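Let's take a walk through a protein model, starting with its sheets and ending with its pocket. Keep the picture open while you read.

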Amino acid sequence: MFELETEERYEIWGGEKLMMTPSSSEHSLITANLLILIGQYVKKNQLGKVFNSEVPIYLHGNLMNKDFRLADISFISIERVDIVQSKGIYGPPDLIVEVLSSGKSNIERDRVEKFQLYEKYGVQEYWIVQPYEEKVEIFSLENNRYIQIDQSRVLTGIELRKEDIFE
């Protein structure tokens with residue numbers, strides 16, 4: 001069993017402890033900008049709750065299963081806020097945002113591994129943020145598969161302007 005109260009950043013999946021490297025300053029800045037942008041939009045429209053990467057996400061929703069992932073940003077709609085518990089989020093969030101970090105293993109984790117995992121567990125929308133191309137890819141769950149879309153369906157009406165995200 002792994003303790004959550006530690007200085008190490010890691011995820012547990014399949015019972016395996018997956019160490020995470022510290023974020024770059026660029027990654028942190030983009031994540032902070034998105035957290036503010038999404039947070040203000042959600043609060044203004046009273047849509048639910050927004051969380052940063054410190055909150056473990058137990059996608060399976062099973063209180064006995066200790067497997068969890070960390071996402072840069074997650075959003076839970078007001079209708080589903082009961083999945084938020086003191087120790088984390090128990091069930092798939094409505095939206096997960098991952099900012100790509102440099103390095104093949106980091107990109108593969110977010111683009112392939114987490115993409116498939118979030119799709120499998122029913123995360124309604126997954127945003128992949130590409131710092132080097134200054135672009136946000138939005139994937140929406142349709143018939144249990146992600147399709148790429150132009151505008152968020154979970155946060156309808158939110159404006160994702162480059163100048164607000166990438167400095």
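This is a predicted model: local features need pLDDT of at least 70, side-chain atom pairs count only at pLDDT 80 or more; totals for chains, interfaces and linings use all residues.

**The six-stranded sheet**

Start with the open sheet of six strands, whose order is β3-β5-β8-β9-β10-β11. The pairing in this sheet is mixed. In general, strands of a sheet pair through backbone hydrogen bonds, and they can do it in parallel or antiparallel fashion. Which strands stand at the edges? They are β3 (48–51) and β11 (145–149), and each has a single partner strand, so one side of each is left without a neighbour in the sheet. Neighbouring strands here are turned against each other by 20 degrees on average, direction ignored.

Now zoom in on one end of that order. Strand β10 (residues 135–142) runs antiparallel to β11, and five bridges join the two. You can pick out Glu 142, which stands opposite Arg 145 in β11.

**Helices on the sheet**

**The three-stranded sheet**

There's also an open sheet of three strands, in the order β4-β7-β6, again with mixed pairing. Its edges are β4 (57–58) and β6 (84–85); each has a single partner strand, so one side of each lacks a neighbour in the sheet. Strand β7 (residues 88–90) and β6 run antiparallel, joined by two bridges. Here Gln 85 stands opposite Gly 88 in β7.

**The largest pocket**

Finally, how much space lies in the largest pocket? It holds about 430 Å³. The lining is made of 29 residues, and those closest to the pocket's centre are Arg 9, Ser 23, His 27, Asp 72 and Ser 101.

Some elements you've already met turn up again here. The ones that give two or more residues to the lining are α1 (25–44), β8 (95–99) and α2 (104–121). Which of them provides the largest share? That's α1, with six residues. So what sort of residues line this pocket? By class, there are ten nonpolar, eleven polar and eight charged ones.

Definitions and conventions. Residues are numbered from 1 along each chain as its sequence is written. Side-chain values use heavy atoms; hydrogens and water are left out. On a 1 Å grid over the protein atoms alone, a cavity is a set of points where a 1.4 Å probe fits but cannot get out, and a pocket is an open set with protein on both sides within 12 Å along at least five of seven lines; lining residues have an atom within 4 Å of a point. Grid points are joined across faces, edges and corners, and a volume is the space filled by probe spheres set on the points. Helices (H or I, at least four residues) and strands (E, at least two) are DSSP runs, numbered from the N terminus. Ala, Val, Leu, Ile, Met, Phe, Trp, Tyr, Cys and Pro count as nonpolar, Asp, Glu, Lys and Arg as charged, and the others, Gly among them, as polar. Two strands pair if DSSP finds at least two bridges between them. Axes are lines fitted to C-alpha atoms, for helices over the stretch in contact, and angles run from 0 to 180 degrees between N-to-C directions.
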